[in-house]
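Could you walk me through this model in the viewer, one selection at a time? I would like to know what to click on next and what I will find there.

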Amino acid sequence: MNCRKMEFTIFPTAEVSRELSRFVEIRLHTDLQTDAAARFRSYQEHLTRSLQLPNYVIIDPKQPEEAVSVLRSATLGEDSLLGWLRSP
């Protein structure tokens, strides 16, 4: 499942929405050909060791250079997303 489909089908479900409310969402648009997108790709690769999309990352705001947890998946169901969101 691609990231846009997840945004419209899985993220809005009651349980996922409740878990997501504990986080601050930041999106890095890395698929454009701009200087900002190039910097975002570099940051993404640093955090995730991958340029694969989508990547979901939990970051501690006190240490934004290191990922607490990374989820690389384009085929993610509600249960696996919930498990990941609850893991840190």
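The stops below go from ring pair to strand, then to the charged side chains and a surface patch.

**A note before you start**

Keep in mind that this is a predicted model.

**Stop 1: the aromatic pair**

Select F11 and Y56 and show their side chains. The structure holds 1 aromatic pair, and F11 and Y56 form it, in an edge-to-face arrangement. The ring centres are 6.0 Å apart, and the planes make an angle of 70°.

F11 sits in the loop between helix 1 (3–9) and helix 2 (14–20), while Y56 belongs to strand 1 (residues 55–59). The pair links distant parts of the chain, 45 residues apart. Is F11 buried or exposed? F11 counts as buried because its relative accessibility is 18%, under the 20% limit. Y56 is buried too, with a relative accessible area of 14%.

**Stop 2: S69 and its neighbours**

From Y56, move on to S69, as Y56 is one of the residues that S69 touches. You will find S69 in strand 2 (residues 67–72). Which residues does S69 touch, leaving out those up to four places away in sequence? They are Y56, V57, I58, W84 and S87. Zoom in on W84: its side chain makes a polar contact with the side chain of S69, at 2.6 Å. S69 counts as buried because its relative accessibility is 14%.

**Stop 3**

Next, select E15, E19, R22 and R86. These residues are linked in a network of salt bridges, and a search of the whole structure finds 5 salt bridges.

Begin with E15 and R86, whose side chains meet in a salt bridge with an N to O distance of 2.7 Å. E15 is in helix 2, whereas R86 is in the segment after helix 4 (78–85), so the bridge joins parts of the chain that are 71 residues apart. Both ends are partly exposed: E15 has a relative accessible area of 32%, and R86 has one of 42%.

Then keep R86 and switch to E19. R86 forms a salt bridge with E19 as well, the closest N and O atoms being 3.3 Å apart. Since E19 lies in helix 2 and R86 in the segment after helix 4, this pair ties together parts that are 67 residues apart in sequence. How accessible is E19? E19 is buried, at a relative accessible area of 13%.

**Stop 3: E25 and R27**

Now pick E25 and R27. Their side chains meet in a salt bridge, at 2.4 Å from N to O. E25 counts as exposed because its relative accessibility is 56%, over the 50% limit. R27 is partly exposed, with a relative accessible area of 41%.

**Stop 4**

Which element holds F40? F40 lies in helix 3 (residues 35–48). F40 is partly exposed, with a relative accessible area of 30%.

Technical notes
Residues numbered from 1 in each chain as written. Predicted model: local features only at pLDDT ≥ 70, side-chain atom pairs only at ≥ 80, totals over all residues. Heavy atoms only, no water. Helix = DSSP H or I, 4+ residues; strand = E, 2+ residues; numbered from the N terminus. Buried < 20%, exposed > 50% of the residue type's maximum accessible area, 1.4 Å probe, protein only. Polar contact = N/O pair within 3.5 Å; in protein donor to acceptor, adjacent residues only side chain to side chain. Contact = heavy atoms within 4.5 Å. Phe/Tyr/Trp six-rings, centres within 6.5 Å; stacked < 30°, edge-to-face > 60°. Salt bridge = Lys/Arg side-chain N within 4 Å of Asp/Glu carboxyl O.
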